[in-house]
Amino acid sequence: MMKNKKSILLLTVTALIILIGLSIGNPDGVHYLSLFAALVFTIISSIFIYKNRAYASFKPLEWLLLIVFSFIVQFSLLDNLHMTSSTIFLLVLYAISRTLLAMLLTAAVLSAIKQINDFHYTFAHPKRYLGIVTILILAVSLYYWFAFFPAAMTPDSLAQWRQAHNGEFNDWHPIMITWLIMLLTKIWDNPGIVAFTQIVVVVSIYAYTFDFFIKRKAHPVMIGLLTAIIVIIPSFLIFSIIIWKDILYSAFLLFFTVNIAKIYLSKGAWIKSKASFFLLLLSAFGVAFFRHNGFPVFILTFLLMIVLFRKNWKPLVTIFLVVFILQRVH
């Protein structure tokens with residue numbers, strides 16, 4: 001009983017910090033609608049976590065990743081530009097409150113996943129199931145490609161397209177993406193081939209991700225829900241036909257994340273094979289080269305992995321040095 005009371009008290013204090021932190025610093029006054037939405041999310045996630053607290057227990061490394069992930073996610077939850085002129089104390093309180101909100105939401109989602117899916121489901125025909133999911137995602141992607149043929153382009157897209165044709169490069173766009181466009185236009189000088197290539201890459205990485213879930217014995221309800229989200233929400237697949245550096249970077253970031261999960265779940269053993277080495281190298285290369293801000297992500301992630309999986313440090317250090325040296329001299 002005492003433990004239950006402490007859990008309720010902890011969740012109550014967390015909710016108060018969230019509401020206090022979100023209500024400060026706005027020059028236009030308190031946004032009551034935002035506070036109400038935050039309160040609703042906090043109450044629902046808190047109740048769910050409390051009722052399913054057996055599934056809300058995480059290992060130390062999982063807590064660390066949860067905190068880091070929540071801190072990153074909180075930047076996308078609410079506008080924070082108005083806090084730049086605030087005092088350090090208010091800024092810290094504001095960031096903590098949003099991070100706690102993101103942690104509650106993430107912990108609730110993770111608890112739900114662990115509750116409904118203990119990763120013990122065995123598919124009778126895993127390749128057939130993966131094929132259906134892949135073909136469905138590919139079909140919808142191609143529908144968008146035909147609907148908006150040859151591609152969707154913005155001023156950034158046109159600037160990079162121009163660089164690929166006149167050879168006048170600058171550091172505004174990653175040179176690797178520009179070189180890729182140059183190579184593709186040798187085959188067919190049309191934006192459509194760039195969009196089509198992006199579709200192939202994105203769908204392939206989605207297939208790689210779902211293959212990972214299936215081999216981890218994820219429940220088909222979970223896989224079906226993820227597939228429905230990707231197929232139904234237009235921003236997931238229409239994103240692939242826009243000629244931006246962000247497309248391939250985002251896809252390779254997912255690729256990179258799945259490979260990190262494989263390393264973690266195998267306690268570092270996954271990286272020992274040549275195929276795994278190549279896949280991690282390829283995903284790390286995309287993260288480091290397809291956006292300028294991807295390089296710090298690569299650096300920090302690999303330094304952390306080298307420390308955590310030091311028993312298998314040789315392939316990790318090799319990949320780190322290869323990508324680091326290439327990025328510095330390209």
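**The cavity and its surroundings**

Helix α7 supplies the largest share of the lining of the largest cavity, namely 4 residues. The model under discussion is a predicted one. Rolling a probe the size of a water molecule over the atoms shows where empty space is left. In this structure there is 1 cavity of 30 Å³ or more, and the largest cavity holds about 70 Å³ of space. Its lining draws at least two residues from each of α7 (175–187), α8 (191–215) and α11 (245–265). Among the lining residues are Ile177, Leu180, Ile181, Leu184, Val194 and Leu248, together with Thr197, Gln198 and Lys245. By class, 8 residues of this lining are nonpolar, 2 are polar and 1 is charged.

The protein chain has 14 helices and 0 strands. Of its 330 residues, 40% count as buried.

Helix α9 covers residues 220–232, which is 13 residues, and spans 18 Å from its first C-alpha to its last, close to the 18 Å expected at 1.5 Å a residue. Its buried residues are Pro220, Met222, Ile223, Thr227, Ile230 and Val231. Seen down the axis of α9, these buried residues fall within an arc of 160 degrees, and therefore they line one face of the helix. Val221, Leu225 and Ile232 are exposed on the other side of α9.

The structure holds 18 aromatic pairs. In one of them, Tyr143 and Tyr144 have ring centres 5.7 Å apart and planes at 65 degrees; because planes over 60 degrees apart count as edge-to-face, the pair takes that class. Phe239 and Trp244 form another edge-to-face pair, with ring centres 6.2 Å apart and planes at 75 degrees. Here Phe239 is partly exposed at 28% relative accessibility, and Trp244 is likewise partly exposed, at 27%. Elsewhere, Phe256, Phe295, Phe298, Phe302, Phe320 and Phe324 form one aromatic cluster.

Most residues other than glycine have a negative phi, and most peptide bonds are trans. Against that background, the peptide bond from Phe149 to Pro150 is cis, with omega near 5 degrees. Pro150 lies in the loop between α5 (126–147) and α6 (155–166).

Positive phi values are found at two lysines. Lys217 has a phi of about 65 degrees, a positive value although this residue is not a glycine. Lys217 is placed in the loop between α8 and α9, and its 37% relative accessibility makes it partly exposed. Lys267, also a residue other than glycine, has a positive phi near 60 degrees. Lys267 belongs to the loop between α11 and α12 (274–289) and counts as exposed at 72% relative accessibility.

Technical notes. Residues numbered from 1 in each chain as written. Predicted model: local features only at pLDDT ≥ 70, side-chain atom pairs only at ≥ 80, totals over all residues. Heavy atoms only, no water. Phe/Tyr/Trp six-rings, centres within 6.5 Å; stacked < 30°, edge-to-face > 60°. Buried < 20%, exposed > 50% of the residue type's maximum accessible area, 1.4 Å probe, protein only. 1 Å grid on protein atoms, 1.4 Å probe; cavity = no way out; pocket = protein on both sides within 12 Å on 5 of 7 lines; lining within 4 Å. Points joined across faces, edges and corners; volume = space filled by probe spheres on them. Nonpolar A, V, L, I, M, F, W, Y, C, P; charged D, E, K, R; others polar. Expected span 1.5 Å × (residues − 1). Arc of directions from axis to C-beta.
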